[in-house]
Amino acid sequence: MLSTYQYQKFPYQTPSELQTGDITRRQVIIVGAGPVGLAAAIDCKLQGLDVLVLDDDDTVSVGSRGLCYAKRTLEILDRLGVADAVRNKGVEWNVGRTFFRKDEVFNFNLLPVADHKHPGMVNLQQYYLEEFLVRRATELGVELRWKNRVTAVEQTTEFTTLHIETADGSYAMQADWLIACDGARSPIRQMLGLEVEGKVFMDRFLIADVLMKADFPAERWFWFDPPFHPNQSVLLHREADNVWRIDFQLGWDADPVEERKPENVIPRIKAMLGDDREFELEWVSVYTFQCRRMEKFRHGRILFAGDAAHQVSPFGARGANSGIQDADNLVWKLKLVIDGAATEDLLDSYSDERVFAADDNLLNSTRSTDFITPKSTVSKCFRNAVLELAQEHGFARKLVNSGRLSVPSILKTSALNTADSAVFAGQLQLGAAVEDGPVIYQGKTAYLLELLQHHFYGLYFCEDASQIPAETLAGFAALKKLPIPVHTFIISATAAATGRDDSQVVHDFKGLLAERYDANIATHASFYLLRPDQHLAARWRQFNLEKVLAALARATSYQEGHGHAITTTA
């Protein structure tokens, strides 16, 4: 088969432990150099943690695999320093179309609201994303050990010992914290005797990456029962390099070995595209999908993320997106624990929140799969009736489910949230990833989320930054001096006043942030507390330092008599 991508081999180097015989200890060891492990490693490095990555391979993944990266994931990748590379190489899209037999019955637009930095989705083969992440990790000085296979783990209350095999022999290392990102078959999970529970779907799908020149728009097309593949479903996506991803539903009785053979794949594609369309196969795979997760994602000093912790069907692009959000949720908490600013209890919230998110993904993924692959004649009749009605009736379009696409989970039940004491309108909910919008900062146009790094932030909305009371400004200064500092941005409806410290003032020149956050700047001075992963932890109609301190303590799992003390004499 043709390959449009040149797979490079990453260099193996003899580990120093094999030369010295020492058992070294690292703050964080990550097993698995896929998108989730690499994202976690980059985040660790950016936050000043000592991190090492082990992988039993020496190249990126083969084939398109994780293909669609959602807006929230792009925002995370932006902070990690790879979003530009992903967008420059990838294919941006917002529109999805669903067909029943020959007719379009439904379409959607992922980003109907303007003034967001990132599009609804970017399609990019997983090997490119991994390449960009490896490059970024290397730039930052992350130590990547290729062809280092973990063969055993032993855990104590203080550290985990890893036994690692290489071509030059075996050695051992210790990790204060181990992050397992070693995939759906997770050897580390198996070493610990841990299970994943859920559902395996009795169906098979063929993936074909096809090189062809086509004038199809950059949209997601999904067919139910098309004439070129009757009684089954087909999905079409455009990728980089004029490669197109086609998924054919095969049925449970299909022979995966036979179906992968070019002589069986090519006729299916010709039936879809026509005999005159020239194309070449790049990669073919047959998969059976499942919706499963571990009971909890933290086991002592070992934390599971990505496919090692949970698996979903590919419909809805929830796999890689949710895995990268796992890393985003975990690393800031791990940083506080390692620095002694929070107790280990904070890491339990990683498991709680990401189990909640996984269940949300599993529910949506299961519903999508049940609609795509009905399990009975009655279910299929119902689905077909919905598809027929959807052409004319809005209520039926809401029932069409060809894969509800990935959105960040709203952590509304998180113990880290402080309940609202006032009514807030609008789309932004407590526990959600916050809204972006265009701003002017220090004389330059930017987006709000570009200004937010790996800290807690306060957003103070007002009409005019020059009219803020001195007591309030003193409160902002006190927050910045805390053991866990809170950096405050003043979101002003007017430009920064002369003489005001413009490192704090952000001009909401279109008024969109005030609208999206329901800030009511004309009569109030609303204050919002954001976590380092940009989820909303608390909000008030008026700034009150003591209330912010209490919310910060809650957001870092502080309990009286245990861990950090968040106090101020201001």
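**A few notes on this predicted model**

1. Let's begin with Glu-131, which counts as buried because its relative accessibility is 16% (buried means under 20% relative accessible area, exposed over 50%, partly exposed in between, with a 1.4 Å probe and protein chains only). The model is predicted, so local features need pLDDT of at least 70 and side-chain atom pairs pLDDT 80 or more, while totals for chains, interfaces and linings use all residues. Residues are numbered from 1 along each chain as its sequence is written, and side-chain values use heavy atoms, without hydrogens and water.

2. Glu-131 sits in helix α5, residues 126-140 (helices are DSSP runs of H or I with at least four residues, strands runs of E with at least two, numbered from the N terminus). Setting aside residues up to four places away in sequence, Glu-131 touches Tyr-5, Gln-8 and Val-60 (contact means heavy atoms within 4.5 Å).

3. Now to the strands: β27 (residues 527-530) pairs with β28 in the antiparallel sense over 4 bridges (pairing needs at least two DSSP bridges between two strands). Leu-530 has Leu-536 in β28 as its bridge partner. The hairpin has 5 residues between the strands, and Gln-534 there takes a positive phi near 70 degrees. Strand β28 (residues 536-540) is largely enclosed by the rest of the structure, because 5 of its 5 residues are buried.

4. Do have a look at Ala-254 too, in the loop between β16 (243-249) and α7 (256-259). Ala-254 is buried, at a relative accessible area of 12%. Its C-alpha atom is 8.5 Å from that of Asp-203, 51 residues apart along the chain.
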